[in-house]
Amino acid sequence: MKSILLATILGVSICSPVQALDLNKLLTGDNLNKSLSILSNAGDALSTSAKGLSAAQEESLGQSVMANLLGAEPLVNDAKLQRYVNQVGLWVAMQSSQPNLNWRFGVIDSPNINSFAATGGYILITRGLWDRLKTEAELAAVLGHEITHVTRKHHAKSIASAKGQQASSDLIALVVDYNNGKSGGKSLEKLGKAGSEVFIRGLDKNDEYEADINGMVLAARAGYNPYALVSVLQLLGNVSPADSSVALLFSTHPSPKDRLDNIDRVVGDKLEGYADGAETTKRFNQVKR
């Protein structure tokens, strides 16, 4: 059974079209200017409900946030790694409620342990996290968690909430400036920072718990051992809170212990029938070398 699932994963992933890997294109001024233009009608939506954001506005907001992240930490210069992470991510995303979203994945050159998602289907993990993952199933679990943040619109919801009030206000102010013809370099720079405010403040802890559980379901559907997320959280739990590489992660997420306790309460052994899913793969080991 396990070998059949693994063959299915590899076969579909290889046949799947790999999305454009050059996320650095997001850093161009033209792209950011276009984002401001598309977001020019987003003020009311951001101030009322995340459901009011159109697909184009979510895409533009995601572009701006990712451009801001990539401006600080570029992609790891390893095309093979970037292609592989896209293959795994796309396969897991195909199991989600939005399989046709224009999903893009990447590994950024940061020693910190973290992963990020943004509206529109943008997902990044850090080199620090990648270096610590031991199996493809663990990578799938991390990506499944982030994919859930996108499909459940957690970031857009946070921006529209009181918790993201500052980010929302900044975005609305930028849109007003744009509409008044005041958009310039500083406004473009602030656009990404405003959207990135959520990464600093963190999401609602219930959204993190939901991403854990649904991420496990997506991993199981993709043919992986869903309990690989437990391994990742145990890994995180063994990192000292005083370690600067986890400072942002620990300040924006429930503790690994609390997340493990929640998985035990909600999932328990309900996914045990999928525990013989794929874990490590030949291609994972090849990229890890």
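How many salt bridges does the count come to by the rule used here? The count comes to eight, a salt bridge being a side-chain nitrogen of Lys or Arg within 4 Å of a carboxyl oxygen of Asp or Glu.

1. Basis of the values. The model is predicted: local features need pLDDT of at least 70, side-chain atom pairs count only at pLDDT 80 or more, and totals for chains, interfaces and linings use all residues. Residues are numbered from 1 along each chain as its sequence is written, and side-chain values use heavy atoms, with hydrogens and water left out.

2. E58 and K153. One of the salt bridges joins the side chains of E58 and K153, with an N to O distance of 3.0 Å. Because E58 lies in helix α4 (residues 55–72) and K153 in the loop between α7 (136–151) and α8 (154–160), the pair ties together parts that are 95 residues apart in sequence. Helices here are DSSP runs (H or I, at least four residues), numbered from the N terminus. E58 counts as buried at 9% relative accessibility, whereas K153 is partly exposed at 29%. Buried means under 20% relative accessible area, exposed over 50%, and partly exposed in between, for a 1.4 Å probe and protein chains only.

3. R127 and D131. The closest N and O atoms of this salt bridge are 4.0 Å apart. Both residues belong to helix α6 (residues 127–132), where they stand four residues apart, about one turn of the helix. Each is partly exposed, D131 with a relative accessible area of 45% and R127 with 27%.

4. D212 and R259. These side chains form a salt bridge at 2.8 Å, N to O. The pair links distant parts of the chain, with D212 in helix α11 (residues 205–221) and R259 in helix α14 (residues 256–266), 47 residues apart. Both D212 and R259 are buried. Elsewhere, salt bridges with shared partners join D109, R127 and D131 into one network.

5. Packing of α11 and α14. The axes of the two helices, lines fitted to C-alpha atoms over the stretch in contact, come within 10 Å and cross at roughly 55°. That makes α11 oblique to α14, since angles under 35 degrees count as roughly parallel, over 145 as roughly antiparallel, 65 to 115 as roughly perpendicular and the rest as oblique. With contact meaning heavy atoms within 4.5 Å, α11 contributes Y209, D212, I213 and M216, and α14 contributes D258, R259, N262, I263 and V266.

Technical notes:
Helix = DSSP H or I, 4+ residues; strand = E, 2+ residues; numbered from the N terminus. Axes fitted to C-alpha atoms, helices over the stretch in contact; angles between N-to-C directions.
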